[in-house]
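Thanks for coming. I will show one structure and then talk through some of its contacts.

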Amino acid sequence: MTEKVRLGYACVNMTLTNRPKKLGGRVTTSRTARKATWQNGSDDSKDWDLHLLGERTLLNANDLLHYLQWNNDHNIKLFRLGSELFPWHDHYELNELPQFDDISAKLLECGDYAKEHGIRVTTHPGPFNVLGSPNTEVVRRTIISLERHSEVFDLMGFEPSFENKINIHVGGSYGGDFDGTSKRWIAGWHKLSDNCKKRLVLENDDKPSMWSTQMLYDYFHKEIGIPITFDYHHHSFHPDELSEEAALKLAATTWPDNVRQCTHYSESRAREKQDPKIRAQAHSDYIVDEINTYGLELDIVIEAKAKELALLEYRNIYAYNKKGVLL
DNA sequence: CATGGTCAAGTGGCA
DNA sequence: TGCCACTTGACCATG
């Protein structure tokens, strides 16, 4: 019996990240290194300290299991994994890390734990992943980055599926050239591995000049069947004549029957802080409005700066029981 | 050991 | 032109 709404949060657990030293110290999946720390010489000299990156990756992988267990203990069954599990992963093959065997064993353990406890793990490569860019070098690097994200899910033992979505934005329109941009984007998509294609989904942008839910549906879903992540907050900046309900339900039609629709929810930081100087798109620390699911069964990733604390507080406000089930 | 300046990547909006 | 915002703090030099 699944609940109608499953809430999740993104990448960082404040409680674990800020755990005091006397209780064991920081728990994070985002250890990285400055470029200057692990690269000697020029960018392409290949004189790199992969041992350092591997050490940090192994610590990240160990802490991922800790994260999943913490989430499960708090009945949080949806979690976005950050992109820095393997820091600088687009600069090397994952199995080039000296500690790869230990890392992959731990990630498989993480994947098994997630499957056993019904935890949906997703990820969201950054705004630098621009598959429709006119710059072919940008597209080339994007493809590498997306493949690395997909490989992490392979290592976790996840069958390729939108259940473990890799979520990105189109992220550009180049003076309103929607036709050309979508054609370039889809051409790039065709170059991805099958596993990556089976995981990649698109999210509506937060600017009127960019890609609304309706546009993603027309230009991308109709062409290649790609699912659409509906972001409530972004929608308010580019509704494109669709009501929130209509856009949410249009996005709902793009998900396969056996995969629950996933959405993103955030609120205005400018409103929360009562400060009009803050950019309208910026995210609040906590969320206070009740999320309207319009009767759908949804997975909702809460994008709030206070992370899991915002999720738990939301449950408090809206009378969820200790198991996270709406009363 | 706490702090604060700084850090890889693309794109677009704004002062 | 340079900052901010997005997926995300964490690194690391300095005192």
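I begin with Lys-183, which is exposed, with a relative accessible area of 54%. Exposed means over 50% relative accessible area, buried means under 20%, and partly exposed is in between, using a 1.4 Å probe and protein chains only. Before going on, the conventions: this is a predicted model, where local features need pLDDT of at least 70 and side-chain atom pairs count only at pLDDT 80 or more, while totals for chains, interfaces and linings use all residues. Residues are numbered from 1 along each chain as its sequence is written, chains are lettered from A and ligands numbered from 1 in the order in which they are written, and side-chain values use heavy atoms, with hydrogens and water left out.

Back to the lysine. Which residue forms a salt bridge with Lys-183? The partner is Asp-179, and the closest N and O atoms are 3.3 Å apart. A salt bridge here is a side-chain nitrogen of Lys or Arg within 4 Å of a carboxyl oxygen of Asp or Glu. Both residues, Asp-179 and Lys-183, belong to helix α6 (residues 178–190) and sit four residues apart, about one turn of the helix. Helices are DSSP runs of H or I with at least four residues, strands are runs of E with at least two, and both are numbered from the N terminus. Asp-179 itself is partly exposed, at 45% relative accessibility.

Helix α8 (residues 213–224) holds another such pair, Asp-218 and Lys-222, four residues apart and so separated by about one helical turn. Their side chains meet in a salt bridge, at 3.4 Å from N to O. Asp-218 is partly exposed at 30% relative accessibility, and Lys-222 is exposed at 55%. There is also a network: salt bridges with shared partners join Arg-6, Arg-120, Glu-163, Arg-260, Glu-297 and Asp-299.

By this rule the count of salt bridges is 25. One of them links Arg-80 and Glu-303, with the closest N and O atoms 2.8 Å apart. Arg-80 is in strand β2 (residues 78–81) and Glu-303 in the loop between β8 (298–302) and α12 (308–317), so this pair ties together parts that are 223 residues apart in sequence. Are these two buried or exposed? Arg-80 is buried, with a relative accessible area of 7%, and Glu-303 is buried too, at 9%.

Another lysine is worth a look. Lys-197, in helix α7 (residues 194–197), is buried, with a relative accessible area of 16%. A polar atom of the Lys-197 side chain lies 3.4 Å from the backbone oxygen of His-190. That is a polar contact: a pair of N or O atoms within 3.5 Å, where, within protein, one must be able to donate a hydrogen and the other to accept it, and residues adjacent in sequence count only if both atoms are side-chain atoms. Not counting residues up to four places away in sequence, Lys-197 touches Phe-162, Trp-189, His-190 and Leu-192, where contact means heavy atoms within 4.5 Å.

Next, the interior. In soluble globular proteins, nonpolar side chains tend to be buried together. A nonpolar core is a set of buried Ala, Val, Leu, Ile, Met, Phe, Trp, Tyr and Cys residues joined through side-chain atoms within 4.5 Å. The largest one here has 80 residues, and Phe-86 and Trp-185 touch the most other members. Helix α3 (residues 50–73) gives the most to this core, nine residues. Another core lies apart from it, with nine residues that include Ala-10, Cys-11, Leu-78 and Trp-255.

A residue is near a strand if one of its heavy atoms lies within 4 Å of it. DNA strand B has 18 residues around it, with Arg-34, Glu-84, Phe-128, Ser-209 and Arg-279 coming nearest. The side chain of Arg-141 has an N or O atom 3.0 Å from a phosphate oxygen of DNA strand B.

Around DNA strand C there are 27 residues, the closest being Arg-26, Arg-34, Thr-37, His-169 and His-283. How far is a phosphate oxygen of DNA strand C from an N or O atom in the side chain of His-169? The distance is 2.6 Å.
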